[in-house]
Amino acid sequence: MNFSPKRKTSNIILLISAFVIVSLILWNTNSFFKKFKEEERLKMEIWATAQLELVQSSVDQELGNLTLKVLGNNTSTPMILLNEKGSYKTHNIPEDKISDSVYIHKKIAQFKNENEPILIIQDGELLETLYYGNSEVLNKLKYYPLALLLIIFLFGTVIFFFFRTNKASEQNKLWAGMAKETAHQIGTPLTSLLGWNELLKTENINQEVTKEIGKDIDRLQTITERFSKIGSIPELHEHNIVAETEKAYEYLKKRSSRLVHFSFSSNVDNVPVLLNPPLYNWSIENLVKNGIDAMRGKGNIAIQIEKKGNFVHISVSDTGHGIAKSEWQNIFSPGVTSKKRGWGLGLSLVKRIVEEYHKGKIKVFSSSKEGTIMQISLRAIEK
């Protein structure tokens, strides 16, 4: 599905707008972080000044209320005050870690990395060094941009998958609508052909001619029935998967080139499976025709049925040019084809018929230059 130029332009504008908004939020958050860090630095410098006043005061000197309030007001920023003798005091450090010198030295290295230490100097002499880390609020603010980006990424992912699912749903409705309309359009001339064939039977002509015409009319009715079932939930009934597969095999064998050699084998005679025969046979025909196209009309086609446990596996192999391993999953997507005149709907329809309607599995079992094996797996009815 291609987007119009107008829609493409709108998407580009929306993408640029989102990028600009996110950039502004991140820039504003970064600016706020820096400002908050500067204010915290100023608060620590004031605390260091109050500490110097405390060091300078004599024992009997009474300190002002402002100094005491500044020294006791910091309850969030972790600090380590190290004097020239190597002894230290801590603030806002877990009590059980205060006596752990290894922990304290690790914290000093961490604080030194986070913020430049503040030197407390008196008359040119270094008395103490204040090491401080980021407060809890600052640490949370530091990770805010990452959390914001994660939220935006998750939101974008949800939007992407929503539009992708919506697009796939629109495509499915389009293909289903086309299939039903095709069935409707074929129905009118098909009814007329039935009438003309009955009229021919009453004339003095070779009955083999009307018999073959009848077979082709039956074939058109089968095709019409298949197309009419696309997009709706088909009815499944118990059928012998071996007999139904062999029926599709015989039909294709009679109508294919003599340069294509067919073979059919099964390790069981009867495996009951819930099936919709017209749709299942359509799947087998699509796989066989794809194999014939891959062989360019000359080679070997083999259909093999094997029951293992509760499942029956139907393998369709050819001696064509093979499929690149990177394309094993893509070949089931609508519109993917290696043919010059293909719509790329055959394997997509097969996947839908097998997996959505019959709750089975289809996969590329193997593929190389010697050929490809496609495998359908369906659950057998145990009796």
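Predicted model: local features only at pLDDT ≥ 70, side-chain atom pairs only at ≥ 80, totals over all residues.
The chain has 383 residues, of which buried residues make up 33%, and its secondary structure comes to 8 helices and 11 strands. Among the contacts with a separation of 6 or more, 68% are accounted for by residues 24 or more positions apart.

**The five-stranded sheet**

- An open sheet is formed by 5 strands in the order β6-β8-β9-β11-β10, and the pairing within this sheet is mixed.
- The edge strands are β6 (residues 260-266) and β10 (residues 361-368), each of which pairs on one side only, while neighbouring strands of the sheet are turned against each other by 15° on average, with direction ignored.
- Strands β6 and β8 (residues 299-308) run parallel and are joined by 7 bridges; within this pairing, S265 has Q304 in β8 as its bridge partner.
- Helix α7 packs on the sheet, where it touches β6, β8, β9 (311-318), β10 and β11 (371-379), and the direction of α7 makes about 30° with that of β9.
- Helix α8 also packs on the sheet, touching β10 and β11, and the direction of α8 makes about 135° with that of β10.

- Two packed helices are described by the angle between their axes and the distance between the axes.
- The axes of α7 (residues 277-294) and α8 (residues 346-357) come within 9 Å and cross at roughly 145°, and α7 passes α8 in a left-handed crossing.
- From α7, the residues L279, Y280, W282, S283, N286, L287 and N290 take part in the contact, and they meet G346, L347, L349, V350, I353, V354 and Y357 of α8.
- The residues of this contact divide into 10 nonpolar and 4 polar, with no charged residue among them.

**The nonpolar cores**

- In soluble globular proteins, nonpolar side chains tend to be buried together.
- The largest nonpolar core has 34 residues, and those with the most contacts inside this core are I241, V288, I314 and L378.
- Leaving aside neighbours within four places in sequence, I314 is in contact with several residues, including I241, Y280, I284, I305, I376 and L378.
- A second, separate core has 13 residues, and M44, L71, I118 and L127 are among them.

**Two hairpins**

- Strands β1 (residues 79-83) and β2 (residues 88-91) pair in the antiparallel sense over 4 bridges, and L82 has Y88 in β2 as its bridge partner.
- The hairpin of β1 and β2 has 4 residues between the strands, and G86 in the turn has a positive phi of about 95°.
- Strands β3 (residues 118-122) and β4 (residues 125-132) run antiparallel and are joined by 5 bridges.
- The hairpin of β3 and β4 has 2 residues between the strands, and D123 in the turn has a positive phi of about 55°.

- L190 is found in helix α4, which covers residues 136-201.
- L190 counts as buried because its relative accessibility is 8%, and the cut-off for buried is under 20%.
- Leaving aside neighbours within four places in sequence, L190 is in contact with I217, L220, Q221 and T224.
- L190 and I217 lie 27 residues apart along the chain, and their C-alpha atoms are separated by 7.1 Å.

Note on methods: Residues numbered from 1 in each chain as written. Heavy atoms only, no water. Core = buried A, V, L, I, M, F, W, Y, C linked by side-chain atoms within 4.5 Å. Buried < 20%, exposed > 50% of the residue type's maximum accessible area, 1.4 Å probe, protein only. Contact = heavy atoms within 4.5 Å. Axes fitted to C-alpha atoms, helices over the stretch in contact; angles between N-to-C directions. Left-handed = near helix turned anticlockwise from the far one by under 90°. Nonpolar A, V, L, I, M, F, W, Y, C, P; charged D, E, K, R; others polar. Pairing = 2+ DSSP bridges.
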